[in-house]
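Subject: Model handover

Hi,

Here is the structure for your files. My notes on it follow below.

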Amino acid sequence: MDLDRITAIDVHTHIHADHHGHLALDDQLMDAAEAYFKGDHTPRPTVDDLAAHYRAANMAAVVFSVDAEATTGHPALSNEEIAEAAARHADVLIPFGSIDPARGAAGVRAARRLVTEHGVRGFKFHPSLQAFEPNDPKAYPLYEELQSLGVPALFHTGQTGIGAGLPGGRGIKLRYSDPMLLDDVAADFPELTVIMAHPSVPWQDEAISIATHKANVYIDLSGWSPKYFPPQLLRAANGPLADKVLFGSDYPMLTPERWVRDFEQLDIKPHVRPKIMKENAVRALGLKPADRS
């Protein structure tokens with residue numbers, strides 16, 4: 001990946017289908033999420049589709065799915081296949097894996113294999129969809145492994161479009177995605193980079209406090225058009241957290257083109273814009289000079 005050529009790094013994009021046509025979630029949950037975003041989504045992309053989109057935009061993207069088979073009953077997309085497909089597009093794609101902490105010791109072993117044998121660069125967790133409290137000690141062996149491997153952990157926080165508008169939200173509980181649960185994780189694993197995904201509504205102030213207090217914590221700005229950012233998040237991104245916030249779109253639910261168009265309308269200091277769009281992600285993701293080749 002030529003980091004000098006890339007104009008931005010989107011740290012939050014989803015693979016919604018594999019090349020066999022299998023979906024990341026069942027139709028009901030996918031339809032509910034797409035309805036929540038009011039039609040701003042694009043068709044359910046494969047890795048190849050996503051790579052073509054970002055290559056045309058001269059951007060790079062972190063790609064992942066979510067392992068929620070235990071809670072949804074829907075088979076997860078293969079981490080290995082996503083990583084292998086991303087490797088074909090290494091000029092624009094950075095693969096993340098997803099391991100349900102409920103997998104225990106087997107999940108820890110799988111995480112190591114994904115990093116050492118398949119080139120995975122980080123892991124995505126969705127506490128509400130996976131139905132776990134991030135600070136549950138049962139998840140700690142997995143975090144210990146990620147810290148040892150030197151790869152970041154990206155956690156969904158706040159509201160979610162998955163299950164939105166369905167009776168009982170399809171059983172998905174928002175409380176698992178309270179960012180305060182991640183304060184324990186960041187404190188107990190100080191060498192683990194923790195990325196809190198999205199404006200963490202209704203816990204935005206808590207997320208800002210954690211990112212301010214913990215050097216190893218970042219916030220990605222995905223899932224919301226910038227014009228709807230909570231004002232306190234915008235103030236923090238433009239000031240004390242200028243080195244801690246990351247461009248993320250939540251593609252395909254929100255396109256990077258729309259996100260950037262709306263971001264350009266914000267009153268962001270000139271020296272802060274490149275940090276948010278790329279520089280902070282280079283640091284948070286641990287990209288090295290070799291990634292410039």
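Start with Asp 262, which is buried at a relative accessible area of 10%. Buried here means under 20% relative accessible area, exposed over 50%, and partly exposed in between (1.4 Å probe, protein chains only). The model is predicted, so local features need pLDDT of at least 70, side-chain atom pairs count only at pLDDT 80 or more, and totals for chains, interfaces and linings use all residues. Residues are numbered from 1 along each chain as its sequence is written, and side-chain values use heavy atoms, with hydrogens and water left out.

Salt bridges

Asp 262 pairs with Arg 258 in a salt bridge, at 3.5 Å from N to O. The term covers a side-chain nitrogen of Lys or Arg within 4 Å of a carboxyl oxygen of Asp or Glu. Both residues sit in helix H11 (residues 256-263), four residues apart, so about one helical turn separates them. Helices (H or I, at least four residues) and strands (E, at least two) are DSSP runs, numbered from the N terminus. Arg 258 is also buried, at 19%.

The structure holds eight salt bridges. Another joins Glu 145 to Arg 112, with the closest N and O atoms 2.3 Å apart. Glu 145 is in helix H7 (residues 140-149) and Arg 112 in helix H5 (residues 104-118), so this pair ties together parts 33 residues apart in sequence. Glu 145 is buried at 15% relative accessibility. Arg 112 is partly exposed, at 34%.

Asp 243 and Lys 275 also meet in a salt bridge, at 2.9 Å from N to O. They link distant parts of the chain, 32 residues apart: Asp 243 is in the loop between helix H10 (231-237) and strand S8 (245-246), and Lys 275 is in helix H12 (residues 273-284). Asp 243 is partly exposed, at 36% relative accessibility.

Helix H7

H7 is mostly covered, with seven of its 10 residues buried. Among them are Tyr 140, Tyr 143, Glu 145 and Gln 147. The cover includes H5, strand S4 (123-125), strand S5 (153-156) and helix H8 (180-188). Gln 147 is buried at 18% relative accessibility. Leaving aside neighbours within four places in sequence, Gln 147 is in contact with Phe 189, Pro 190, Glu 191 and Leu 192. Contact means heavy atoms within 4.5 Å. Just after H7, Gly 150 takes a positive phi of about 75°.

Nonpolar cores

In soluble globular proteins, nonpolar side chains tend to be buried together. A nonpolar core is a set of buried Ala, Val, Leu, Ile, Met, Phe, Trp, Tyr and Cys residues joined through side-chain atoms within 4.5 Å. Here the largest has 87 residues, and those with the most contacts inside it are Ile 9, Phe 123, Tyr 143, Trp 259 and Leu 285. Strand S2 (residues 59-64) gives the largest share of this core, six residues. Another core lies apart from it, with 11 residues, among them Ala 33, Leu 129, Ile 172 and Met 253.

Beyond neighbours within four places in sequence, the contacts of Leu 285 include Ile 9, Val 62, Phe 96, Arg 121 and Ile 195.

His 14 is in strand S1 (residues 8-14). At 14% relative accessibility, His 14 is buried. With neighbours within four places in sequence left aside, the contacts of His 14 include Leu 50, Lys 124, Tyr 251 and Pro 252. His 14 and Leu 50 are 36 residues apart in sequence and 8.8 Å apart in space, C-alpha to C-alpha.

Tyr 251 and Pro 252 are joined by a cis peptide bond, with omega about 10°. Pro 252 is in the loop between S8 and H11. The bond from Val 201 to Pro 202 is cis too, with omega near 10°. Pro 202 lies in the loop between strand S6 (194-197) and helix H9 (204-213). His 198 lies in the loop between S6 and H9 as well. His 198 has a positive phi of about 80°, although it is not a glycine. His 198 is buried, at 6% relative accessibility.

Best wishes
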